[in-house]
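This report describes a protein chain and one feature of its surface. The sequence and structure come first.

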Amino acid sequence: MAISISVVLLLAVLAVIFLRNGGLKISHALVCLLLGFYLASTSIAPTIHSGLTATADLVGGLRP
């Protein structure tokens, strides 16, 4: 759960930065939002989730 919230916050911060810099229009942000909702309801959602979890575990296991 903590990883999901972190990813959502990171993506929200990036979206705000892109919107403020003019690199992301509101229409683009809405399309990305809709794509996320549609991907969450498809059969590929568990694969995406497990891939993100594996990546987070890999990054969390790295020692600087």
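Which residues make a nonpolar surface patch of about 540 Å²? The model, which is predicted, gives L10, L11, V13, L14, I17 and F18 as the residues of that patch. One of them, L14, sits in helix α1, which spans residues 2-21. L14 has a relative accessibility of 34% and therefore counts as partly exposed, since that class lies between the buried limit of under 20% and the exposed limit of over 50%.

The protein chain as a whole holds 3 helices and 0 strands, and its pattern along the sequence is α-α-α. Of its 64 residues, 3% are buried. The accessible surface amounts to about 5,500 Å², and carbon and sulfur atoms account for 76% of this area.

Confidence can be read for the chain and for its elements. The protein chain has an average pLDDT of 79, with 88% of the residues at 70 or above.

| Element | Mean pLDDT |
|---|---|
| Helix α1 | 72, the lowest among the elements |
| Helix α3 (residues 45-61) | 88, the highest among the elements |

Note on methods:
Residues are numbered from 1 along each chain as its sequence is written. This is a predicted model: local features need pLDDT of at least 70, side-chain atom pairs count only at pLDDT 80 or more; totals for chains, interfaces and linings use all residues. Side-chain values use heavy atoms; hydrogens and water are left out. Patches are made of residues with over 30% relative accessible area and no salt bridge: like charges are joined within 9 Å, nonpolar side chains (Val, Leu, Ile, Met, Phe, Trp, Tyr) within 5 Å. Accessible areas come from the Shrake-Rupley method with a 1.4 Å probe; for residues, only the protein chains shown count as cover. A salt bridge is a side-chain nitrogen of Lys or Arg within 4 Å of a carboxyl oxygen of Asp or Glu. Helices (H or I, at least four residues) and strands (E, at least two) are DSSP runs, numbered from the N terminus. Buried means under 20% relative accessible area, exposed over 50%, partly exposed in between (1.4 Å probe, protein chains only). pLDDT is the predictor's confidence in each residue, from 0 to 100.
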